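Thanks for asking me to look this one over. Please open the sequence and the model side by side, and then read my comments.

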Amino acid sequence: MLNDVKVGTIVRTPGDFNAFSFEDSYRATGGVPVVSLSFRAVGGGLRKDPKPVARALPAFFANLLPEDKLREAMEKHHSGSVRAGNDFDLLVALGSDLPGAVRVVPSGGTFAQHEDISALKPKARFSLAGVQMKLSVMKNSGKGGGLTLPLGDEQGSYIAKFPSTAFPGVAENEYANLALAEAIGMDVPERELVEQSEFEGIPKEFETLSDGKVLLVERFDRGENGRRIHIEDFAQVFGVYPSRKYEGAAYHDVAAALNVAVSSAAALEFVRRLALAALTGNGDMHLKNWSLIYREAGDNPQLAPIYDVLSTIPYIPADAMALSLAGERPFKALNAQRWKAFANRARLPEAAVLSSVVDTIERVNDRWWSLPEREVVPAKVLERIDAHVRVMTPILGTCAN
Ligand SMILES: Nc1ncnc2c1ncn2[C@@H]1O[C@H](COP(=O)(O)OP(=O)(O)OP(=O)(O)O)[C@@H](O)[C@H]1O
Ligand SMILES: [Mg+2]
């Protein structure tokens, strides 16, 4: 389902093949509202149904599921009905609170009932892709407030990203980076830092051992009264499995897709976000950290607000861009030459790309050094970010010549 429109059916066949086929009524619409650009035929309309996949879901659906530790926690939480490593089981369990407007519901009650008795108690069902321990949560509006986990068919309007022992100050780091992005005019969701004590009833599988604040970000794929707004990330746009999010495409592919499917303004906004990532030492902007959002009738994608931006350089000093930018990843390789090559590969005008880079470094240098949110970032982390911004400013500045 895409909101209330039945789009198609996933069938598990003997031998554990998963086949997805579009509904005839949805085919008749030519594929509106859009589920994914990857399902669009070159000449418009819908492509043929994807080939059945052995022991995995088609890439679009595989990309809706959590990864790594978060996935393990979710599998444990649903161990009565979900076998480890089984995408189909997990998608069924999490189908009511997926990213975007996709819902996965049982068709005609033909599900195998292997859920144990504890399944009668409602369980957490959100699925946010990504690896950091995070929960989709609800803010209680009653007195006392508090943050709780949506259970059963409820859904959360916020994402809570919990601190990690491996990366000290990660919530504060992201909080400051989001504030910076907003300060330089980017589209950023509302967010705040909250105490772990504000959360109630978090199941033990999702507890993290590290102390520190939690970053709470408003979900842009949920509207008033929990209305679902569809989004898809660029792994989905390109039909790439989540395991290939660091290699499935290059940045010029994303820029070219935005230029064609959205607008040249969106492609240049993407360039600004890339320049920001290079400048702040953010080496994690892989294919799942960029999304399209379908706000109105569902056939008109826009670049979604910025999310998951933090400086990785304090934790991984020799870090580089997550994807290749005209054949290079190391931050220090990103001089004017690279951006020109990138512009050509993306079929964007060189001058517009270069001036977007220059404009971004000027704005960052105007705002970063006196940004109030710097105060929450641990000193050691901040020092490393600052040092990186100082090194990168002249390198990216070559775009001004
Ligand atoms: N504000 C938001 N509104 C709606 N969806 C969001 C928002 N922020 C993140 N998401 C979705 O949730 C997913 C996970 O969030 P995020 O990327 O912040 O977490 P992560 O675990 O740090 O990811 P990664 O695996 O890249 O480290 C994103 O890929 C995106 O689909
Ligand atoms: Mg992410």
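Below are my numbered points, from the overall picture down to single residues.

1. **Ground rules.** This is a predicted model, in which local features need pLDDT of at least 70, side-chain atom pairs count only at pLDDT 80 or more, and totals for chains, interfaces and linings use all residues. Residues are numbered from 1 along each chain as its sequence is written, chains are lettered from A and ligands numbered from 1 in the order in which they are written, and side-chain values use heavy atoms, with hydrogens and water left out.

2. **Overall picture.** The protein chain has eleven helices and 14 strands; helices (H or I, at least four residues) and strands (E, at least two) are DSSP runs, numbered from the N terminus. Of its 401 residues, 55% are buried, where buried means under 20% relative accessible area, exposed over 50% and partly exposed in between, with a 1.4 Å probe and protein chains only. Among contacts with a separation of 6 or more, 69% join residues 24 or more positions apart; a contact means heavy atoms within 4.5 Å.

3. **The magnesium site.** Asn-289 (OD1) and Asp-308 (OD) coordinate the magnesium ion (ligand 2) at 2.1 Å. Asn-289 sits in the loop between α8 (264–280) and β11 (291–294), and Asp-308 in the loop between β12 (301–303) and β13 (320–325), so the pair ties together parts that are 19 residues apart in sequence. Both Asn-289 and Asp-308 are buried.

4. Strands β10, β11 and β12 form an open sheet in the order β10-β11-β12, with antiparallel pairing; two strands pair if DSSP finds at least two bridges between them. Its edge strands are β10 (230–233) and β12, each of which pairs on one side only. Ignoring direction, neighbouring strands here are turned by 30° against each other on average. β10 and β11 are joined by four bridges, and His-230 has Tyr-294 of β11 as its bridge partner.

5. **The packing of α8 and α11.** The axes of α8 and helix α11 (residues 379–397) come within 7 Å and cross at roughly 125°. Here axes are lines fitted to C-alpha atoms, for helices over the stretch in contact, and angles run from 0 to 180 degrees between N-to-C directions. The two helices α8 and α11 are therefore oblique to each other; angles under 35 degrees count as roughly parallel, over 145 as roughly antiparallel, 65 to 115 as roughly perpendicular and the rest as oblique. On the α8 side the contact uses Ala-275, Ala-278, Leu-279 and Thr-280, while α11 brings Ile-385, His-388, Val-389, Met-392, Thr-393 and Leu-396.

6. Asp-386 lies in helix α11 and is buried, with a relative accessible area of 8%. Leaving aside neighbours within four places in sequence, Asp-386 is in contact with Trp-368, Trp-369 and Arg-374.

7. **β9 and its partners.** Strand β6 (residues 158–161) and strand β9 (residues 214–218) run antiparallel and are joined by four bridges. Tyr-158 has Glu-218 as its bridge partner in β9, and Lys-161 stands opposite Leu-215. Strand β7 (residues 191–194) is also antiparallel to β9, again with four bridges, and Leu-193 has Leu-215 as its bridge partner. Four of the five residues of β9 are buried. Both faces of β6 are covered: Tyr-158 and Ala-160 on one side, and Ile-159 and Lys-161 on the other, are all buried.

8. Three strands form an open antiparallel sheet in the order β1-β2-β3, with β1 (8–13) and β3 (53–54) at the edges. β1 pairs with strand β2 (residues 17–22) over six bridges, and Val-11 has Ala-19 of β2 as its bridge partner. In helix α4 (residues 87–94), seven of the eight residues are buried. What covers them includes β1, β2, α2 (59–62) and α3 (68–77).

Technical notes. Donors = N, O, S within 2.8 Å, 3.2 Å for Na, K, Ca; no water.
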